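Please examine the sequence and the structure shown below. The paragraphs that follow lead through the fold step by step.

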Amino acid sequence: MCTGKCSLFIAITLYPLVLLSIICNILLFFPEWTTKYVKEGQITEEVKYMGGFIGGGVLVLIPALYIHLTGEQGCCGNRFGMFFSIVFAAVGLAGATYSFIVALLGLSNGPLCKDKSGQWETPFKESNLIYTTKSDTWAHCKEPKNVVQFNMGLFITLLVASILQGLLCASQIINGLIGCICGTCNNKQE
């Protein structure tokens, strides 16, 4: 059994998910593809928590790099290296959890938008996600244009990415435990 190949696969799979999380978080700052709302401070509060950038981005990228190095050592170097991959994978799992929670809050509270009366508010905050299936309620938001669909799409993408990151980091924790307990190489590779 060699847990190094599994580590390498996990790390390489994490990279595009990290990139996706960072891009989604950056895009959330620019509804209508303009900087106007950022300059005015009229963006959804959960976007400012930077869940996709900090949680799904940096806190998953650092473990992915270490896990990649662990996997590239062929037989994973030694058991001590596999133990550290467990620690780093736990940090990645924490980052993915943070990203998931922020994205879920952003989706459940809905976007900050200007309503029919001209006030900036989050009209779907108390809707318990019902607004996601009732497109006729999206007309409450007059500005930014299509902000409900924009936020929903990006927050759902962050949710999916963070779930996948969490599963991959949890898999690395299990993989690291197997590598620490059972050894990282089979007899043919030694």
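What percentage of the 190 residues in the protein do buried residues make up? In this predicted model, the share is 45%. A residue counts as buried when its relative accessible area is under 20%.

The overall architecture can be described next. The protein contains 5 helices and 2 strands. Read from the N terminus, the order of these elements is α-α-α-α-β-β-α.

The dimensions of the chain come next. Along the principal axes, the C-alpha trace spans about 70 × 30 × 20 Å. The radius of gyration of the protein is 20 Å, whereas a compact globule of 190 residues would have a value near 16 Å. As for the contacts with a separation of 6 or more, 75% of them are accounted for by residues 24 or more positions apart.

Several residues of H1 are buried, including Ile10, Leu14, Leu17, Val18, Ile22 and Leu28. Gly4, Ser7, Ser21 and Asn25 are also among the buried residues of H1.

The accessible surface of the protein amounts to about 9600 Å², and carbon and sulfur atoms hold 67% of it.

Definitions and conventions. Residues are numbered from 1 along each chain as its sequence is written. This is a predicted model: local features need pLDDT of at least 70, side-chain atom pairs count only at pLDDT 80 or more; totals for chains, interfaces and linings use all residues. Side-chain values use heavy atoms; hydrogens and water are left out. Helices (H or I, at least four residues) and strands (E, at least two) are DSSP runs, numbered from the N terminus. The radius of gyration is taken over C-alpha atoms; the globule rule is 2.2 Å times the number of residues to the power 0.38. Buried means under 20% relative accessible area, exposed over 50%, partly exposed in between (1.4 Å probe, protein chains only). Contact means heavy atoms within 4.5 Å. Accessible areas come from the Shrake-Rupley method with a 1.4 Å probe; for residues, only the protein chains shown count as cover.
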